[in-house]
Amino acid sequence: MQQLEDILDKMFNRMQTMMINMVDNMMDRGTYLVFENRDYVVKSREWKRNDFHFDNVMKGMLTLFTVSTFEGWPGLLYVSIDSNAEDRGPITNFRPIVAAYYIIYIIIIAFFMVNIFVGFVIVTFQNEGEQEYKNCELDKNQRNCIEFALKAKPIRRYIPKHRIQYKVWWLVTSQPFEYAIFILIMINTITLAMKYHNQPADYSKALDMLNMIFTAVFALEFIFKLAAFKFKNYFGDAWNTFDFIIVLGSIIDIVVSQVNELKNQESSIPSINFFRLFRVMRLVKLLSRGEGIRTLLWTFIKSFQALPYVALLILMLFFIYAVVGMQVFGKIAIEDGTPITRNNHFQTFPQALLVLFRSATGEAWQDIMMGVSPEPEVRCDPAYNEEPGEEADGSCGSLLAFPYFISFYVLCSFLIINLFVAVIMDNFDYLTRDWSILGPHHLDEFVRLWSEYDPDAKGRIKHLDVVTLLRKISPPLAPRTDFNRRPCPVTPAAELLANVSINRVSSIRRRVAGFGKLCPHRTACKRLVSMNMPLNSDGTVNFNATLFAVVRTSLKIKTDGNIDDCNTELRAVIKKIWKRTSPRLLDQVVPPPGDPDEITVGKFYATFLIQDYFRRMRFRPLSLVLTLDAPPRTDLSTGTNETAMSF
């Protein structure tokens, strides 16, 4: 004990002396103690510069570039605020006014200039994409809609003929049934979010019971749909297959949970918890229910058609920089406590790719850059010594680290990554466009409604069914109705034409597909007059021809002037842009000039409207007829008088 007291007294005296010396050396950098066994050593403090500083122009630009990437800038901010004098230690909050310098720089450069640069990249990308069509008379939206009409195919729609099976089919395809399943999915999602850690046992049993109820309901949905569509038609739909997988996984989850509960033990198979993911995957079923969600999903998938080219460019960039990084920085030693660790180095190609991917996301990329720069702390790996017995030194860093990482970050994060944004924005441009303008995302409704009249996907339906189809579709596909005009009574002939049933299946389709309030029958007939599709000998019209005519009349594509001249010009445009379009399809959608006496849908319904107009106006006073008179204007697409049709 006496020896211990002597040692403590000795240490106290020396520490007191040391404190006095520190006070005397206050204007210097100070000293500190290093204990070695029972003794200690007094050493002078040495203040080193931060890796990022403003001692020269190049280092200052590097520091500001790092700040503009938002990586590590708070640390630089506080180091600058605490900085005192040259070779002196920091003083907390010594110069708080320095914060204004960083804040102003971030607002001007990072918020405005960088985003302006990104916007310039996106605009340039879009303009370069339009260079191919700079001499084309069609705008981008018109080209997209025409491309959809040329490439679209009718889809099959199963309609059973057995009486009981048809009733089940009618139930599972009805809107109330779809809404009920939609609500159950939402409620199930809410119950999944109600689980928490250390919840009571009764509460857990209640949630498990609700999960069983929901699983039973979705299993009944699967059984009903399987009975309605049969095996082949049910699993022919990808969404139905997905529903079946979810139901199967949920049932397995319940069975395994109950078995483990009976054994009073946790699951002995860790991977069996995978099936519990199917509870959450029920939320994905909402994608097949909502129309707006399906539109967004369709556009997102459409974006992937252009993304592979951008992804290939990124892969080439990563490959080149990974190979260069292995050659330049591959000999740097792997040491814990430094930026170059066993999970972050350039000694192998996969690890080099991971380092570059991390740098592309901006995660401490500047630390990696300084970790491979020519600093004394950057040592060589002994395994890479060229001569036996050569010792590792601190010369493995390279000045190429600065242009290497800066150029990679600029090319990858500022340019190529933003090309992904440009591609997606290019496909999502309809979000900022007037929704009353027809776009390719609206045309899926036509394909879906067509399948109700053509369940076997033959590509043909009766022209009488086209009238009903046009009355059911929603704007902007639907014919526009002039609500300022006085509604006219529907004549018996028009009523008969509207309600003609070609066969039993057509009547079923009309009953099942209630898509809201129908537009006036006369408006649909007028739309058919302007569409003027070719009429086949059996009284049918083709799928692509009808869809193309809907697009053409809605977007006013080559509809002014002589119809034969317009068709000739449009055929030339299609041949120029879509060179692989088959001549047969081209003749269907844009008929070549032919026999003027050939019967078309436009001529058929123009005749009907003229006859109906004559019947209604025949017994009206002559003065009323004269008030409806106007300078005649000939519709060159049909050869009919527009004044006579404007009732």
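When I say helix here, I mean a DSSP run of H or I with at least four residues, and a strand is a run of E with at least two, both numbered from the N terminus. With that in place, Q305 sits in the loop between α11 (291-303) and α12.

Before I go on, two housekeeping points. This is a predicted model, so local features need pLDDT of at least 70 and side-chain atom pairs count only at pLDDT 80 or more, while totals for chains, interfaces and linings use all residues. Residues are numbered from 1 along each chain as its sequence is written, and side-chain values use heavy atoms, with hydrogens and water left out.

Okay, back to Q305. Is Q305 buried or exposed? At 54% relative accessibility, Q305 counts as exposed; the cut-offs are under 20% relative accessible area for buried, over 50% for exposed, and partly exposed in between, with a 1.4 Å probe and protein chains only. Q305 is 118 residues from V423 in sequence, yet the two C-alpha atoms are 9.5 Å apart in space.

Next, helix α12 itself. It covers residues 307-329, which is 23 residues, and reaches 32 Å from first C-alpha to last, close to the 33 Å expected at 1.5 Å a residue. That expected span is 1.5 Å times one less than the number of residues. Which residues of α12 are buried? They are L307, V310, I314, L317, F318, Y321, A322, G325 and F329. As a reminder, an α-helix has 3.6 residues a turn, so residues three or four places apart point the same way.

Now the salt bridges. The structure holds seven of them, and by salt bridge I mean a side-chain nitrogen of Lys or Arg within 4 Å of a carboxyl oxygen of Asp or Glu. Let me walk you through some.

R379 pairs with E335, and their closest N and O atoms are 2.0 Å apart. This one links distant parts of the chain: R379 is in the loop between α14 and α15 (401-427), E335 is in the loop between α12 and α13 (349-360), and they are 44 residues apart. R379 is partly exposed, at 44% relative accessibility.

Then there's D538 with R460, at 3.7 Å, N to O. D538 is in the loop between α20 (521-531) and β4 (540-542) and R460 is in strand β3 (residues 460-462), so this pair ties together parts that are 78 residues apart in sequence. Both ends are partly exposed, D538 at 37% and R460 at 40%.

D587 and R571 meet at 3.0 Å, N to O. Here the bridge runs between helix α23 (residues 583-589), which has D587, and helix α22 (residues 563-577), which has R571, so it ties together parts 16 residues apart in sequence. D587 is partly exposed at 34%, whereas R571 is buried at 13%. There's also a salt-bridge network, made up of E137, K558 and E569.

Last, the surface. A nonpolar patch is formed by F70, I103, I104, I107, I108, F111, F112, M113 and I116, with about 870 Å² of accessible area together. Patch residues have over 30% relative accessible area and no salt bridge, with nonpolar side chains (Val, Leu, Ile, Met, Phe, Trp, Tyr) joined within 5 Å and like charges within 9 Å. The areas are Shrake-Rupley values with a 1.4 Å probe, and for residues only the protein chains shown count as cover. I107, from helix α4 (residues 98-130), is partly exposed at 36%.
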